[in-house]
Amino acid sequence: LRLKHFRTKYLLKAVAERYVPHEVLHRPKRGFVIPASRWLRTDLAPHVSAALDNARFYDRGWIQPDAVQSLLREHANGSRDWGNQIWTLLVLEVWARVVLDRTMSADASLDELLSAS
């Protein structure tokens, strides 16, 4: 009953039809997008600055400081959405601190970036 005539979730949908409108229940799948760009511009902005706008990050030699500063500035003022790139750089720096430097524990909160910079 979980798969009937190549229709997935047949039983679940049969029961849900009593409670959920047909157009909602049978619409195409949609992805879930987190508002990372907004978070990086607001709540996570101090963490981003602490991780990416400091000598430790630049001294690795992986990224040109002027390019990163330009990304951060343009993203912060809303002239460009560099959310994906900034998120990738943030994850790279956290990984480097956990794995390479061992200055951050794997289960640490991002607040540790604020105190470590």
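**View A. Helix H7 from end to end.** Helix H7 covers residues 83-101. With 19 residues at 1.5 Å a residue, H7 should span 27 Å, and its end C-alpha atoms sit 25 Å apart, which agrees. (The expected span is 1.5 Å times one less than the number of residues; helices are DSSP runs of H or I with at least four residues, strands are runs of E with at least two, and both are numbered from the N terminus.) Keep in mind that this is a predicted model, where local features need pLDDT of at least 70, side-chain atom pairs count only at pLDDT 80 or more, and totals for chains, interfaces and linings use all residues. Residues are numbered from 1 along each chain as its sequence is written, and side-chain values use heavy atoms, with hydrogens and water left out.

**View B. The buried side of the story for H7.** Gly-83, Ile-86, Leu-89, Leu-90, Glu-93, Val-94, Ala-96 and Arg-97 are the buried residues in H7. (Buried means under 20% relative accessible area, exposed means over 50%, and partly exposed is in between, using a 1.4 Å probe and protein chains only.) What do the buried residues of H7 pack against? Their partners are helix H3 (36-41), helix H4 (45-52), helix H5 (55-59), H6 and helix H8 (111-116). Val-91 is also in H7, but it counts as partly exposed because its relative accessibility is 43%. Val-91 and Val-20 are 71 residues apart in sequence, and their C-alpha atoms are 39 Å apart in space.

View C. Arg-102 belongs to the loop between H7 and H8. Is Arg-102 buried or exposed? It counts as exposed, because its relative accessibility is 67%.

**View D. His-75 and its surroundings.** His-75 is part of helix H6 (residues 65-77). Its relative accessibility is 2%, so His-75 counts as buried. Setting aside neighbours within four places in sequence, His-75 is in contact with Ser-37, Leu-40, Arg-41, Arg-80, Asp-81, Trp-82, Gly-83 and Ile-86. (Contact here means heavy atoms within 4.5 Å.) Pro-28 is another matter: 47 residues along the chain from His-75, with 32 Å between the two C-alpha atoms.

**View E. Ser-37 meets Asp-81.** Ser-37 lies in helix H3. Its side chain and that of Asp-81 are joined by a polar contact of 2.6 Å. (A polar contact is a pair of N or O atoms within 3.5 Å; within protein, one must be able to donate a hydrogen and the other to accept it, and residues adjacent in sequence count only if both atoms are side-chain atoms.) Leaving out neighbours within four places in sequence, Ser-37 is in contact with His-75, Asp-81 and Gly-83.

View F. His-47, Val-48, Ala-50, Ala-51 and Leu-52 are buried in H4. The cover over these buried residues includes H3, H5, H6, H7 and H8. Asn-54 sits in the loop between H4 and H5, and it counts as buried because its relative accessible area is 13%. The side chain of Asn-54 reaches the backbone nitrogen of Arg-56 at 2.8 Å.

**View G. The second largest pocket.** This pocket has a volume of about 160 Å³. (On a 1 Å grid over the protein atoms alone, a pocket is an open set of points where a 1.4 Å probe fits, with protein on both sides within 12 Å along at least five of seven lines; lining residues have an atom within 4 Å of a point. Points are joined across faces, edges and corners, and the volume is the space filled by probe spheres set on them.) Its lining includes Leu-40, Arg-41, Val-48, His-75 and Ile-86. H3, H4 and H6 are the elements that give two or more residues to this lining, and H6 brings the largest share, five residues. By class, the lining has six nonpolar, three polar and three charged residues. (Nonpolar covers Ala, Val, Leu, Ile, Met, Phe, Trp, Tyr, Cys and Pro; charged covers Asp, Glu, Lys and Arg; the others, Gly among them, are polar.)
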